[in-house]
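These are my notebook entries on a single structure.

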Amino acid sequence: MADKNLFIDKVRITVKSGDGGDGMNSFKSFKGKPACGPDGGDGGNGGNVIIVADENVTDLVNFRFISKYFAGDGERGGSNKCFGKSGGDVVIKVPLGTVVKDYETDTVIADMFRHGERKLIAEGGRGGKGNVRFTTSRRHAPNFAQKGEKTQPHVLALELKVIADVGIIGFPNVGKSTLLSKISAARPKIANYHFTTLSPNLGVVKYYDNSFVAADIPGLIEGAADGAGLGHDFLRHIERTRMLVHVVDISGTEARDPVEDFLKINSELKNYSEKLASLPQIIALNKCDVYGAEENIKIFKKKYGKKFKIFSITAVSGEGTEELIEGIFGMLSTLPPVSRVETDETFTYRKSGNLGFDIYMDGDVYVVVGDLVDMLCRNVVLNDPDSMAYFQKILREKGVISKLKEMGIKENDTVSIGEVEFDFIP
């Protein structure tokens with residue numbers, strides 16, 4: 001049973017689209033007429049792998065227990081020109097803000113930004129053609145059919161980056177969660193010990209007829225950018241925020257210097273990302289009702305009052321939070337909207353459309369490789385004259401013969417294509 005407090009924001013999964021079904025090689029037959037022409041139907045297409053953004057999914061915890069997502073294979077074609085059934089798609093639901101990457105190359109495939117967005121990740125293999133598809137005016141009874149395309153599994157990295165306008169940052173136990181609970185309807189877990197918050201909490205803050213989304217980001221301590229505390233796990237969640245609210249415990253009751261706390265957190269932001277360090281900040285000096293805080297407020301404002309907007313608040317009672325909300329909205333109104341991660345929008349794992357080839361020398365043998373070869377291996381029946389004629393026709397049409405001549409091939413030189421080897425005859 002899953003731990004209710006477990007928050008997973010980075011996982012690795014394996015996906016595979018469905019294989020295409022084989023085409024059927026069959027002939028009509030009636031009583032007294034054993035061979036009445038080809039009637040083999042096409043195989044069904046394999047199912048696709050699709051990722052969908054769903055606002056009802058909050059984290060990636062389910063992927064910890066189910067990490068393989070395979071679409072259905074297409075069925076084989078039937079006789080009497082019957083098509084095989086296509087394989088079922090597999091739909092993977094992820095939280096808003098999930099960045100999808102190819103694990104091997106680190107290519108960003110998609111940023112699942114809005115509810116309902118869909119991304120085709122892996123295209124199913126095409127079904128093979130039945131032998132009826134290979135009939136021509138000269139070839140009346142083809143005795144071969146095409147096999148369905150086979151697909152390969154791929155490994156994806158899913159990384160959740162919270163989509164929020166405002167990131168609330170600061171040392172543990174400075175009152176970030178309490179502040180979020182006061183300015184929004186969020187009800188984060190609050191207690192008087194470090195690391196109460198073990199996952200980012202989101203809240204919608206209303207401001208007259210407008211609103212913005214704020215996120216309480218946990219785990220920032222000195223050394224967070226290097227993996228100390230929870231910081232390394234959660235710093236990524238403020239990468240796409242528009243601005244930061246830096247909460248500082250101005251009371252100094254935990255024997256920490258508020259100015260030093262402020263400098264250390266900003267140092268961690270800079271160590272992790274220059275972009276984070278450059279985000280606009282508003283400072284919320286919290287616990288202003290504690291004895292001795294007044295002197296610290298004067299010192300802090302004298303040092304940073306000209307560079308930052310500073311608000312004095314008491315998050316527990318809500319004092320000063322209205323002014324803080326007004327200040328946040330005023331700054332947000334001058335900033336661009338939340339941006340997406342740059343992605344390769346055309347990226348999809350495919351097994352169709354590209355019939356390229358390469359030729360290299362293996363000793364004295366010309367070896368042809370590539371997607372064109374894969375297709376020919378599916379299509380060609382070596383002991384069938386019609387199939388071999390089709391094989392030679394494709395080699396000419398796709399430029400394989402021309403390329404061999406450019407490379408200086410001579411009569412009776414050996415050419416290897418898949419499992420086929422033959423002597424070249426111009």
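I count a residue as buried under 20% relative accessible area, as exposed over 50% and as partly exposed in between, with a 1.4 Å probe and protein chains only. The model is predicted, so I take local features only at pLDDT of at least 70 and side-chain atom pairs only at pLDDT 80 or more, while totals for chains, interfaces and linings use all residues. Residues are numbered from 1 along each chain as its sequence is written, and side-chain values use heavy atoms, with hydrogens and water left out.

Entry 1, aromatic rings. I pair rings of Phe, Tyr and Trp (its six-membered ring) if their centres lie within 6.5 Å; planes under 30 degrees apart are stacked, over 60 edge-to-face, and the rest tilted. By this rule I find 9 aromatic pairs. One of them joins Phe 262 and Phe 300, which is edge-to-face because the centres are 5.5 Å apart and the planes stand at 80°. Helices (H or I, at least four residues) and strands (E, at least two) are DSSP runs numbered from the N terminus. Phe 262 belongs to helix H3 (residues 258–272) and Phe 300 to helix H5, so this pair ties together parts 38 residues apart in sequence. I then noted a pair between Tyr 304 and Phe 308, also edge-to-face, at 6.3 Å centre to centre and 65° between the planes. Ring pairs link Phe 262, Phe 300, Tyr 304 and Phe 308 into a cluster.

Tyr 304 is buried at 10%, as is Phe 308 at 17%.

I count two strands as paired if DSSP finds at least two bridges between them. An open sheet of 4 strands has the order E15-E16-E17-E18 and mixed pairing. Strands E15 (358–362) and E18 (420–423) each have a single partner strand, so one side of each lacks a neighbour in the sheet. Strand E16 (residues 365–369) runs parallel to strand E17 (residues 414–417), and 3 bridges join them. Val 367 has Ser 416 in E17 as its bridge partner.

Asn 173, which is not a glycine, has a positive phi near 70°. I place Asn 173 in the loop between strand E9 (166–169) and helix H1 (176–183), and it is buried at 17% relative accessibility. Lys 287 likewise has a positive phi, about 65°, and lies in the loop between strand E13 (281–286) and helix H5 (293–304).
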